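Thanks for asking me to look this over. Here are my notes, with the structure first and the points after it.

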Amino acid sequence: METQSINPTIPTTTKRKILLVEDEAFLSSLLALKLEQEGFEVEKAMDGEEAFTILERFTPDLILLDLILPKRNGFEYLEMLRNDPRFNKIPVIITSNLGQDSDVERGKTFGVIEYIIKNKLSIDELIEKVSSEVKKLS
């Protein structure tokens, strides 16, 4: 969502912010590019530790989170996120190739707003779903 301002002291655009936590470099770059083309401001993290550090300087409207990550996996990251009152209200969409019912249920226990199995959607369908969820937050 972009807004225009005629007051020069106020920024002319306000972009919705997404923290993209994905360790596969090519997919991360592709998703970030597509999200930026849709008007989002995107910060990328390659693992759960880096993603948590980014939150110290970047407050996203939504976190797009892979589960299979180095250093700290997605579920460990979600647990840290939900236990920190500064960040526990940030909506999270899981994007993972883990599609077992137990994984989906575990994601739901952390209050994720969507659990997307990556290999069942195209990149464009994934971006469309993310855009749709962000619009619901407005």
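This is a predicted model: local features need pLDDT of at least 70, side-chain atom pairs count only at pLDDT 80 or more; totals for chains, interfaces and linings use all residues.

1. A word on terms: helices (H or I, at least four residues) and strands (E, at least two) are DSSP runs, numbered from the N terminus.

2. Residues are numbered from 1 along each chain as its sequence is written, and side-chain values use heavy atoms, with hydrogens and water left out.

3. Helix α4 spans residues 101-109, and D103, V104 and G107 are buried in this helix (buried means under 20% relative accessible area, exposed over 50%, partly exposed in between, with a 1.4 Å probe and protein chains only). Because the buried residues of α4 fall within an arc of 100° seen down its axis, they line one face of the helix (the arc is that of the directions from the helix axis to the C-beta atoms).

4. Turned away from that buried side, α4 carries the exposed residues D101, K108 and T109.

5. Now to strand β3 (residues 62-65), which is covered on both faces: L62 and L64 are buried on one side, I63 and L65 on the other.

6. β3 pairs in the parallel sense with β1 (residues 17-21) over four bridges (strands pair if DSSP finds at least two bridges between them). Here L19 stands opposite I63. β3 also runs parallel to β4, joined by three bridges, with L65 opposite I94.
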